[in-house]
Amino acid sequence: GRILDHLSRGTLSFDSVRYLVLDEADRMLDIGFRPDIERILRRCPQQRQTLLLSATVPPPVLRLAQRYMVEPLNINLSPAKITVENIRQTYFTVDEDRKFELLLRVFDREEPRQCIIFCERKRWVEDVYRMLRKARPRVAAMHGDLPQSMRNRIMQGFRDNKITYLVATDVVGRGIDVKNISHVINYDIPIDPENYVHRIGRTGRLGADGVAVAFVTPEQGDQLTEIERYINKMVEEDQIPGFQTYTPRLRVEKSAEAPKPVVPVFGRRVKRYSNRL
């Protein structure tokens with residue numbers, strides 16, 4: 001937006017641009033940003049080097065990127081395992097109306113140094129923020145509706161360890177590096193498994209240990225399964241003594257041949273995945 005404003009006022013010239021770097025390319029070339037990005041690209045010299053950087057580039061975005069590049073070289077630095085081993089990943093089964101109660105109990109047990117609590121929508125961020133600041137000190141909220149200047153101040157306070165609990169949307173799921181984050185709470189599990197990886201990657205930085213916790217309602221079993229498929233790893237269930245949660249029971253599925261035990265988690269069948277992914 002700032003670049004387009006300068007271009008419209010004639011206060012910025014691209015005549016001598018030799019390198020164009022588009023970070024978070026999968027989001028920048030998404031539907032919402034694409035028209036503005038294309039306006040900027042059209043003002044850049046054709047003789048330039050273009051670099052598109054992203055942790056994930058799905059095929060549709062990769063095809064779109066070919067429009068802006070000539071004989072591009074694809075450099076993949078992704079590790080064999082999507083999520084690092086030093087992040088302990090667990091989930092709690094919880095009804096929607098008991099999430100906040102569970103959140104406080106998790107804080108009591110875990111005592112995080114610094115924590116990001118991810119919500120799917122801006123309105124839900126505000127709801128959790130209002131409740132949490134009554135129960136805990138040093139709480140802040142971050143989402144796309146906040147002015148950039150305010151977001152900068154909040155992030156600086158988070159980096160300076162003046163904020164312990166940051167309630168946020170996926171606006172802080174990418175591109176930030178705060179070394180002291182010990183816990184990530186997925187208050188709402190993301191619909192897109194890629195966002196899960198970006199979220200939990202905010203902890204466990206530079207070889208440090210980290211904890212990633214997901215709150216999963218009984219209706220969200222399929223979403224959890226998709227995340228497990230994507231990271232090729234089972235997320236272990238966690239419980240807090242004295243906190244009543246829905247616990248799936250072992251049931252026996254009848255068949256014409258022989259009884260087969262099936263462990264349903266929120267109506268899904270738990271299975272181990274091979275290393276084929």
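Which residues does Lys-162 touch, not counting residues up to four places away in sequence? Lys-162 touches Arg-138 and Gly-157, where a contact means heavy atoms within 4.5 Å.

## Before we start

This is a predicted model, so local features need pLDDT of at least 70 and side-chain atom pairs count only at pLDDT 80 or more, while totals for chains, interfaces and linings use all residues. Residues are numbered from 1 along each chain as its sequence is written, and side-chain values use heavy atoms, with hydrogens and water left out.

## The whole chain

The protein chain has nine helices and 13 strands. Both kinds of element are DSSP runs, numbered from the N terminus: helices are H or I with at least four residues, and strands are E with at least two.

Of the 277 residues in the protein chain, 44% are buried. Here, buried means under 20% relative accessible area, exposed means over 50%, and partly exposed is in between (1.4 Å probe, protein chains only). The accessible surface comes to about 16600 Å², and 51% of that belongs to carbon and sulfur atoms. These areas come from the Shrake-Rupley method with a 1.4 Å probe, and for residues only the protein chains shown count as cover. If you take the contacts between residues at least 6 apart in sequence, 73% of them join residues at least 24 apart.

## The sheet

Now find the open sheet: seven strands, in the order E5-E6-E4-E7-E8-E3-E9, with parallel pairing. Two strands pair if DSSP finds at least two bridges between them. Strand E5 (139-142) and strand E9 (236-237) are the edge strands, and each pairs on one side only.

Helix H6 (residues 122-135) packs on this sheet and touches strand E4 (115-118), E5 and strand E6 (165-168). The direction of H6 makes about 175° with that of E5; axes are lines fitted to C-alpha atoms, for helices over the stretch in contact, and angles run from 0 to 180 degrees between N-to-C directions. Helix H8 (residues 193-200) lies across E3, E4, strand E7 (183-186) and E8, running at about 155° to E7.

How many residues of E8 are buried? Seven of its seven. On one side you'll find Gly-210, Ala-212, Ala-214 and Val-216, and on the other Val-211, Val-213 and Phe-215. Strand E8 (residues 210-216) pairs with strand E3 (residues 87-93) in the parallel sense over seven bridges. Phe-92 has Phe-215 as its bridge partner in E8, and Arg-88 has Val-211.

E7 and E8 also run parallel, joined by four bridges. Asn-186 finds its bridge partner in Ala-214 of E8. Both faces of E7 are covered as well, with His-183 and Ile-185 buried on one side and Val-184 and Asn-186 buried on the other. Four bridges join E7 to E4, again in parallel, and Cys-115 stands opposite His-183 in E7.

Lys-162 lies in the loop between helix H7 (148-159) and E6. Because its relative accessibility is 59%, Lys-162 counts as exposed. Lys-162 and Val-139 are 23 residues apart in sequence, and their C-alpha atoms are 9.1 Å apart in space.

Two other loop residues are worth a look. Most residues other than glycine have a negative phi. Glu-71 isn't a glycine, yet it has a positive phi of about 45°. Glu-71 is in the loop between helix H4 (59-65) and E3, and it counts as exposed because its relative accessibility is 75%. Glu-111 has a positive phi too, near 50°. Glu-111 is in the loop between helix H5 (99-110) and E4, and with a relative accessible area of 63%, it is exposed.

## A nonpolar patch

Tyr-19, Val-21, Leu-51 and Leu-53 make a nonpolar surface patch of about 360 Å². Tyr-19 lies in strand E1 (residues 19-22). Patches are made of residues with over 30% relative accessible area and no salt bridge, joining like charges within 9 Å and nonpolar side chains (Val, Leu, Ile, Met, Phe, Trp, Tyr) within 5 Å. A salt bridge is a side-chain nitrogen of Lys or Arg within 4 Å of a carboxyl oxygen of Asp or Glu.
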